Every structure is written in structure tokens, then in C-alpha cells.
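Here is a short tour to read with the structure open beside you.

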Amino acid sequence: MPHKIPVTILTGFLGAGKTTLLNRLLGDKRNQHAGVIINEFGEIGIDSELVIKTKEEIIEINKGCICCNVRADLIHVLKDLIIKMNRREIQLSRIIIETTGLASPAPVIQTFLMDEVMSYWFEIDSICTVIDAKHLPLHLEEKVAQEQIAFADLILMNKTDLVSIRELEELKQRIKQMNATAEMICTTNSEVPINKLLDVRSFELSEKLKIHPNLLIDTHHHHHHDDNVNSIVLKSEQPLIVERVNKWFSYLVQIEGEALYRYKGILNIKDSEYRVIFQGVHMLFASKEDRRWKGDENRKSELVFIGSNLKAEELNRSFRYCMDEYFTF
Ligand SMILES: Nc1nc2c(ncn2[C@@H]2O[C@H](COP(=O)(O)OP(=O)(O)OP(=O)(O)O)[C@@H](O)[C@H]2O)c(=O)[nH]1
């Protein structure tokens, strides 16, 4: 194999700006034949709705975390892409993997190093870790967040618009202590020159082995998720009353903001022709009109919440407030 297919791994804690970065990459003409694999923690995938469409497939793996039970799925998906490429059904210039914010990249790296077919066809180009400069300090004690930083070849210190220069400098120093070799670039909206990220061949196995000496031995990765972190999905076909959604959300982030790591969803708003996309990280959230609902489309709202000890029953109950004008909470 003179030219292996380069693989870029985008990692970083929940809500850091990975999908924003992916969209920038896919907006570049050079990446129109990229194969994109997205792994989300929640049982429904919202990300594929938020990612711009390319010529190639965007494959979602939602059943679990890529670093645990989904590794076999990842290999299966990649082999499938190779078969399609060999049959000339698709072109495959590169692979871009966006991992869930709750995954360590170690097992994804292992997949490409230890599986013979994978290492024949693919080579890791680089591992980019996106950091939410405002919220990461809340999660720096978590092992997953630490591993994501330790394995990075490139660190995007993102959301710099939300912090002071002093906060930024402090965080940069802490991150440098955790990974002294990765290049660090400060960004807003993950705006990084693409040539800093793609075809850089910055992945150095020897460096990774220093962090994880068992990387090539330990096939059963003993990674445990924080048991307190859970995800809850709310779904409804009943249209939502926009004023009530706003009130419900303001209430939620005030009461639960710290526990709400990440939330995103598509809303079916009463009397509106447009889908509304909303998303947030802790107390900061935003919504925007998306495309029109299609005539034959099942208009429904789907929301995913990821956080610490979230209570499904309470969330479901308070969500009802958004659809039923007689309901109070
Ligand atoms: N203020 C600000 N917001 C940003 C910046 N970058 C991204 N965002 C917003 O932060 C939110 C999360 O961004 P995403 O790109 O979806 O983050 P992610 O890492 O893909 O999130 P998960 O896949 O859920 O882990 C979105 O609402 C973005 O528009 C930034 O530099 N500044």
C-alpha cells in the first residue's frame, strides 16, 4: 500500500466544538470524498442532522460509546467503506471520525493499529482535541477529559470568546502540563486553517506509547464511564408552544445548569413551518431556525440531554409544560 487512507480523529469533551469543526472541514471542497463516522452517546443521533451533507456517506454509530462496545461496529463500518471503494461505488479520500465527548481516543487508536485489515488500509493522520475554554475547567478532573488532552497531536483551545485573557492563560498552562508536545491553537467557532489539521501526519506512535504503554497489548480496554453520567431522550409528536419552551428552558438551566453537560435537539414548534434546532452546554444555550419541514415528514420533537444524575421522570414531566397550555410545574 503506497498510500494509506488518512484518518483524522476529532475528540474533546461534550460541547467543545467538534461538530462545528467537522462542518468546517466538510465545507472545504478537498474533503468532499471524506468518509465521516460520528459516534454519539445518546440513543438517538442529532449530530448527523447538524452536519452538512457531503457526497459520501455520514455514518452514525449510536448504540453506545465508540471506546467500548462499538469498536466492532467501527471496524465493520470501515471494512464496508473499503469494499464500496474497491467496487468503485464511492471514492474515499480520507476518514474523519468524531467521537462522543465521553470517549477516550485510546481504543479508537488501537482499532487502527491492531486490526490487520485496518492497519493495511488506514493510517492515523492526526488526533485533534477540541477544548471548550469556558466549560472544560469544570471537567478537568475527569479521566476521559484528561485522556483526550493527553493523546492530542493538535489542541484547539476553542470558545476563547467566552473567557478573559487571564482565564485563558491559566487554562493553557494547565493543559500544557498535561500535554507538552501537542501544538495548541486558540480559536472561536473551531476556525483553524485546514492545513494545520489534515495531511499533517503528526501522529507519532512512540509518543502515544509513552502515555499508554499498553496501547498495543491491551485489547480489552478497561475504561469505565462515570456512572453518574447519563443521557435522557425526550420525544413528542405534539407541537410545542414556543413561549413555553423558552420558559421551560430558562427554568431548567437555572435549576440544573451545572448538571446539564450537553443538550441538543430538533423542535416541532406550533404554527411554524420550520424545524428549530436548539443546543447548549451547561447554562449557555442557543436555538435557530433550520430548514422547512418536508410535506411528508413526521413532525416531531426529539431532544437529548447528557448530564450528571439527570432524572428522566422529572424531565419528561416538566417537558409536558411545553405542549399543554393547562399544565403548570
Ligand atoms: N460562543 C461560542 N460558541 C461556540 C464556539 N464553538 C462552538 N460553539 C457552539 O457550542 C455549541 C456546541 O458546539 P458543537 O460543535 O456541537 O460541539 P461538539 O463538541 O460537537 O458537541 P458534542 O458532539 O455534543 O460533544 C454549539 O452551539 C456551537 O455553535 C465558540 O468558539 N464560541
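Helix 10, which spans residues 312-319, is where you will find Glu313. Helices (H or I, at least four residues) and strands (E, at least two) are DSSP runs, numbered from the N terminus. Is Glu313 buried or exposed? Glu313 is exposed, because it has 8 other C-beta atoms within 10 Å. By the rule used here, a residue is buried if 20 or more other C-beta atoms lie within 10 Å of its own, exposed if 12 or fewer, and partly exposed in between, with C-beta atoms placed from the backbone. Glu313 and Ile232 are 81 residues apart in sequence, and their C-alpha atoms are 9.6 Å apart in space.

## What kind of model this is

This is a predicted model, in which local features need pLDDT of at least 70, side-chain atom pairs count only at pLDDT 80 or more, and totals for chains, interfaces and linings use all residues. Residues are numbered from 1 along each chain as its sequence is written.

The chain has a mean pLDDT of 85, with 84% of its residues at 70 or more; pLDDT is the predictor's confidence in each residue, from 0 to 100. The scores for the model are ipTM 0.99 and pTM 0.83.

The chain is divided into domain 1 (5-211) and domain 2 (229-322), with bounds that come from an automatic or database domain assignment. Their C-alpha centres lie 26 Å apart. An unreviewed UniProt entry lists residues 229-323 as "domain: CobW C-terminal"; such annotations may be inferred rather than shown by experiment. That span is 24% helix and 44% strand, and its end C-alpha atoms lie 28 Å apart.

The largest nonpolar core has 56 residues, of which Leu10, Ile96, Ile97, Ile131 and Ile155 touch the most other members. Strand 5 (residues 122-132) gives the most to this core, six residues. The core lies between domain 1 (5-211) and domain 2 (229-322), because both give residues to it. Here, a nonpolar core is a set of buried Ala, Val, Leu, Ile, Met, Phe, Trp, Tyr and Cys residues joined through C-beta atoms within 7 Å.

## Around the ligand

Which residues come nearest to the ligand? Of the 22 around it, these are Lys18, Thr19, Thr20, Gly101 and Thr188. A residue counts as near if its C-beta atom, placed from the backbone, lies within 6 Å of the molecule. Helix 1 (18-26) and strand 10 (274-281) are the elements that give two or more residues to this shell, and helix 1 has the largest share, with three.

Domain 1 and domain 2 each supply at least three residues of the shell. By type, the shell divides into six nonpolar, 11 polar and five charged residues. Ala, Val, Leu, Ile, Met, Phe, Trp, Tyr, Cys and Pro count as nonpolar, Asp, Glu, Lys and Arg as charged, and the others, Gly among them, as polar.

Helix 4 (residues 106-114) is mostly covered, with seven of its nine residues buried. Among them are Pro107, Ile109 and Phe112.

Most residues other than glycine have a negative phi. Asn189 has a positive phi, near 50°, and sits in the loop between strand 7 (183-186) and helix 8 (205-211). His282 also has a positive phi, about 45°, and belongs to the loop between strand 10 and strand 11 (284-292). Asn189 is partly exposed, with 14 other C-beta atoms within 10 Å, whereas His282 is buried, with 21.
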